[in-house]
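The following exercises concern the structure shown below.

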Amino acid sequence: MTVHRARTAALAAVLTCAALSLTACGSAGSSTASSGDSKAKTATSAADLGGMDALVAAAKKEGNLHVITLPRDWANYGVLMDGFTKKYGIKIEDENPDGTSQDEINAITSRKGQDRGPDVVDVGTAFAISGAQQGLFAPYKVASYDQIPASMKASDATSYNDYGGYVSIGCDAKKVNPCPKTFADLLNPAYKGMVALNGNPTKANAALSGVWAAALANGGSLDNIQPGIDFFGKLKAAGNFNPVEATSATVQNGETPITIDWSYLNTGYTAQYASKGIDWQVSIPSDGSFAQFYNQAISKYAPHPAAARLWEEYLYSAEGQNGFLGGYATPALFDPMKTAGTLDASAVAKLPAIAKPFTTFPTQAQQDAAKAAITSNWSKAIGG
């Protein structure tokens, strides 16, 4: 397949620029498929349906959008979903919000022809590549498609980056003193049973990226994630690894006092829980700087194909991209919007400082190799 996921200069510039800006710069329905406008099913742009007004009309006629694995506090998705519904009157069904990227891919393959299948997915790069290789995505170019750097989109328009962030370490300063700031710090005997990941790295991109960051901190590289797997094996042997999969709820109830997760999630927890007496501190580990973008794709079997395409248009509008930014994530159109003067400067100022910007992103081959290594070796490192 033709997905290009070499995270090269253009993509790197987005996250780097976002960082510099601080210092300077987962409901079931029936099993019968929705009718879905036949023209919408194959439309590769709004023009194929007669323009945006016609797309909006077709989406409103469908009346529903089925998404999966979108936690409301993940990159501001709650605000984005509410904004879409308010703007277009289209109800959004959000299934399994705490699921994984693999769950999203599985839902497409297992629910072909059913109206409970997902219309769109938001997945990590390794899973976007996997989905494209299986032919699960429909090509579609949003109005701002040409502004998305070539290195951030599939050449056949079946998927493209939407928002990104850095792997970070979050810590409840009222339970942990001092809070760790690097991967090396996490081996401190004082952190027994505290260090958690956001999910299982064999299924969840956030956790996979956490292991990759640990690899970079321990002699690994984009070609070699094994040192990261070995690092978590050491954490387990030391008694510091916490098998609870971190979520907003586990942060709030104290089950995961130290959480390796995306910077936009950990930073969001700081603001979300301050009023509840939780002092959630966030560090971008200088010994393992790693960043990634997530990817939007429309299911080839979307039961609401017009609503799916309108959702993409919404996410890649200035309103949608600033919505991600409001959730402390760096939007894919950061640079073009900055140039156009449409970027929310107040939200940019709230992005975390990055001491060591990540500038070289994994290629497709490196993604495939890392995923294979995790699949083969993770349970051996953590099990027992």
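**Exercise 1.** Determine which cysteines form a disulfide, and state the handedness of the bond.

*Solution.* This is a predicted model. In it, the sulfur atoms of Cys171 and Cys179 lie 2.1 Å apart. A disulfide requires a pair of cysteine sulfur atoms within 2.5 Å, so Cys171 and Cys179 form one. A search of the whole structure finds 1 disulfide. The torsion about the S-S bond of Cys171 and Cys179 is about -75°, and the disulfide is therefore left-handed.

**Exercise 2.** Decide whether Cys171 and Cys179 are buried or exposed.

*Solution.* Buried means under 20% relative accessible area. Cys171 has a relative accessible area of 1%, so Cys171 is buried. For Cys179 the value is 13%, so Cys179 is buried as well.

**Exercise 3.** Describe how helix 7 and helix 8 pack.

*Solution.* Helix 7 covers residues 205-217 and helix 8 covers residues 226-238. Their axes are 7 Å apart, at an angle of about 100°. Angles of 65 to 115 degrees count as roughly perpendicular, and helix 7 and helix 8 are therefore roughly perpendicular to each other. Helix 7 contributes Gly210, Val211, Ala214 and Ala215 to the contact, while helix 8 contributes Pro227, Gly228, Ile229, Phe231 and Phe232. By class, this contact of helix 7 with helix 8 has 7 nonpolar, 2 polar and no charged residues.

**Exercise 4.** State where the pLDDT is below 50.

*Solution.* The mean pLDDT of the protein chain is 89, and 90% of its residues reach 70 or more. Over residues 1-35, however, the pLDDT is below 50. Where pLDDT is low, the predicted coordinates should not be read in detail.

Terms used: Residues numbered from 1 in each chain as written. Predicted model: local features only at pLDDT ≥ 70, side-chain atom pairs only at ≥ 80, totals over all residues. Heavy atoms only, no water. pLDDT = per-residue confidence, 0-100. Contact = heavy atoms within 4.5 Å. Axes fitted to C-alpha atoms, helices over the stretch in contact; angles between N-to-C directions. Helix = DSSP H or I, 4+ residues; strand = E, 2+ residues; numbered from the N terminus. Parallel < 35°, antiparallel > 145°, perpendicular 65-115°, else oblique. Nonpolar A, V, L, I, M, F, W, Y, C, P; charged D, E, K, R; others polar. Buried < 20%, exposed > 50% of the residue type's maximum accessible area, 1.4 Å probe, protein only.
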